[in-house]
Amino acid sequence: MTSSSTMTLGAFNFEAADPGKLSRFWSGLTGGSVNPGGESVYIGPAGEQGFGLFIQPLQGPRPDRQVAHLDLTVPWGTRASEVDRAETLGATVEWHVLDEHPHVQWTTLSDPEGNLFCIAEHPPKS
């Protein structure tokens with residue numbers, strides 16, 4: 001028996017030293033709207049395919065190791081320009097993975113507070 005799901009990503013939650021400042025970066029990158037609430041910020045999804053982000057104040061020292069990160073997918077042939085746009089918004093390129101896997105190329109970046117994320121593109125199916 002095959003089961004199907006109507007599950008979607010509501011929001012990716014993470015902490016930041018300055019949620020307001022970091023929300024401007026992520027809103028610029030994703031196109032989502034900034035909705036402050038107290039010390040936290042919710043960034044609404046941009047369009048039907050988007051996702052939300054919830055940024056709350058850092059509750060202690062930043063962990064030495066990041067255990068989860070976002071993999072953002074862009075249309076084939078646009079990764080480099082999206083990486084450039086992310087850099088303009090304040091991201092830092094950490095490394096590129098371009099030839100290791102035939103089904104995907106990606107660039108790993110860090111946001112202005114050092115949170116890692118990837119911008120990936122998949123070649124068209126033949």
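Strand 3 (residues 40-43) and strand 4 are joined by three bridges and run antiparallel; two strands count as paired if DSSP finds at least two bridges between them. Helices (H or I, at least four residues) and strands (E, at least two) are DSSP runs, numbered from the N terminus. Within this pairing, I43 has L53 of strand 4 as its bridge partner. This is a predicted model, in which local features need pLDDT of at least 70 and side-chain atom pairs count only at pLDDT 80 or more, while totals for chains, interfaces and linings use all residues. Residues are numbered from 1 along each chain as its sequence is written, and side-chain values use heavy atoms, with hydrogens and water left out.

Strand 4 (residues 52-57) also pairs with strand 1 (residues 11-16), in the parallel sense and over six bridges. One of the pairs here is A16 with P57 of strand 4.

These strands belong to a protein with two helices and eight strands. Read from the N terminus, the order of elements is β-α-β-β-β-β-α-β-β-β. The C-alpha trace spans about 50 × 40 × 25 Å along its principal axes. Of the 126 residues, 33% count as buried, where buried means under 20% relative accessible area, exposed over 50%, and partly exposed in between, with a 1.4 Å probe and protein chains only. Among contacts with a separation of 6 or more, 50% are between residues 24 or more positions apart; contact means heavy atoms within 4.5 Å.

Next come the helices. Two packed helices are described by the angle between their axes and the distance between the axes. The axes are lines fitted to C-alpha atoms, for helices over the stretch in contact, and angles run from 0 to 180 degrees between N-to-C directions. Helix 1 contributes F25, G28 and L29 to the contact, and helix 2 contributes R85, A86 and L89. By class, these residues divide into four nonpolar, one polar and one charged. In this scheme Ala, Val, Leu, Ile, Met, Phe, Trp, Tyr, Cys and Pro are nonpolar, Asp, Glu, Lys and Arg are charged, and the others, Gly among them, are polar.

K21 is also part of helix 1. Its relative accessibility is 53%, so K21 counts as exposed. Between the C-alpha atoms of K21 and V41, which are 20 residues apart along the chain, the separation is 9.8 Å.

Another part of the structure is an open sheet of four strands in the order 5-8-7-6, with mixed pairing. Strand 5 (70-73) and strand 6 (92-97) are at the edges and have a single partner strand each, so one side of each lacks a neighbour in the sheet. From one strand to the next the twist averages 25°.

Strand 6 and strand 7 (residues 105-110) run antiparallel and are joined by five bridges. Across this pairing, W95 has T108 of strand 7 as its bridge partner, and H96 stands opposite T107. Five of the six residues of strand 7 are buried, so this strand is largely enclosed by the rest of the structure.

Strand 7 also runs antiparallel to strand 8 (residues 116-121), with six bridges between them. In this pairing W106 stands opposite A120 of strand 8. The hairpin of strand 7 and strand 8 has five residues between the strands, and there G114 takes a positive phi near 95°.

L116 is a residue of strand 8. With a relative accessible area of 26%, L116 is partly exposed. Leaving aside residues up to four places away in sequence, L116 touches Q66, H69, L70, E94, W95, T108, L109 and S110. The C-alpha atoms of L116 and A68 are 8.4 Å apart in space, although the two residues are 48 apart in sequence.
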